[in-house]
Amino acid sequence: MITSYAFGKMEINGKTFSSDLIIFPGGGIRDNWYRQSGHLLTLEDLSELTAARPKLIIAGTGAYGRMTLAPGLIRALAQLGTEIRAMETAAAVSLYNQIIKESKGSGRSTTACFHLTC
């Protein structure tokens, strides 16, 4: 569970992160996540997540929603059997926590990626 989020900072299970990050199924975290084109999220940027074959990727697009989805990304993920829900990071944190709480023990495959600043 994500315990808090503020511009540029996220706390997960007592550990504070100050760089963009991804969360894998099962809760593994990779911080210092960078995208090839900065504020444009592409399929290549999600390769570590798609390798896990998640049913859902929650994308936090930043405090002001500045990170956008590349054209065709939704369709490309759908072809892999993955849905993406993209929204401002605070809303994405709430959705992630809600889904994790509701799906505990059900085996639902959910991953997330978060842009922590703009």
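Which side chain meets Glu83 in a salt bridge? The side chain of Arg85 does, at 3.0 Å, N to O.

This is a predicted model, in which local features need pLDDT of at least 70, side-chain atom pairs count only at pLDDT 80 or more, and totals for chains, interfaces and linings use all residues. Residues are numbered from 1 along each chain as its sequence is written, and side-chain values use heavy atoms, with hydrogens and water left out.

**Salt bridges**

Side chains of opposite charge can pair when their charged atoms come close. A salt bridge here is a side-chain nitrogen of Lys or Arg within 4 Å of a carboxyl oxygen of Asp or Glu. The structure holds three.

| Pair | N to O distance |
|---|---|
| Arg35 and Asp20 | 2.8 Å |
| Glu83 and Arg85 | 3.0 Å |
| Arg30 and Glu48 | 3.2 Å |

Accessibility is given in classes: buried is under 20% relative accessible area, exposed is over 50%, and partly exposed is in between (1.4 Å probe, protein chains only). Arg35 has 12% relative accessibility, so Arg35 counts as buried. Asp20 is buried too, at 10%.

Helices (H or I, at least four residues) and strands (E, at least two) are DSSP runs, numbered from the N terminus. Arg35 lies in the loop between β5 (29-31) and β6 (40-41), and Asp20 in the loop between β3 and β4; this pair links distant parts of the chain, 15 residues apart.

Arg30 and Glu48 also link distant parts of the chain. Arg30 sits in strand β5 and Glu48 in helix α1 (residues 47-50), 18 residues apart. Arg30 is partly exposed at 30%, and Glu48 is partly exposed at 33%. In the remaining pair, Glu83 is partly exposed at 37% and Arg85 is partly exposed at 30%.

Two strands pair if DSSP finds at least two bridges between them. An open sheet of three strands runs in the order β1-β2-β3, with antiparallel pairing. β1 (2-6) and β3 (15-17) stand at the edges with a single partner strand each, so one side of each has no neighbour in the sheet. The twist averages 15 degrees from one strand to the next. Axes are lines fitted to C-alpha atoms, for helices over the stretch in contact, and angles run from 0 to 180 degrees between N-to-C directions.

Strand β2 (residues 9-12) pairs with β3 over three bridges. Met10 has Phe17 of β3 as its bridge partner. Helix α3 (residues 89-103) packs on the sheet and touches β1 and β2. The direction of α3 makes about 175 degrees with that of β1. Contact means heavy atoms within 4.5 Å.

**Cores**

A nonpolar core is a set of buried Ala, Val, Leu, Ile, Met, Phe, Trp, Tyr and Cys residues joined through side-chain atoms within 4.5 Å. The largest has 16 residues, of which Ile2, Met10, Leu21, Ile23, Ile58 and Phe114 touch the most other members. β2, β4 (21-23), β7 (56-60), α3 and β10 each give two or more residues. α3 gives the most, with five. Another core, of twelve residues, lies apart from it; Ile22, Ala59, Leu73 and Leu77 are among them.

**Leu116**

Leu116 is found in the segment after β10 (110-114). Leu116 is buried, at 1% relative accessible area. Leu116 and Ser18 are 98 residues apart in sequence but 7.5 Å apart in space, C-alpha to C-alpha. Leaving aside neighbours within four places in sequence, the contacts of Leu116 include Tyr5, Phe7, Met10, Phe17, Ser18 and Asp20.
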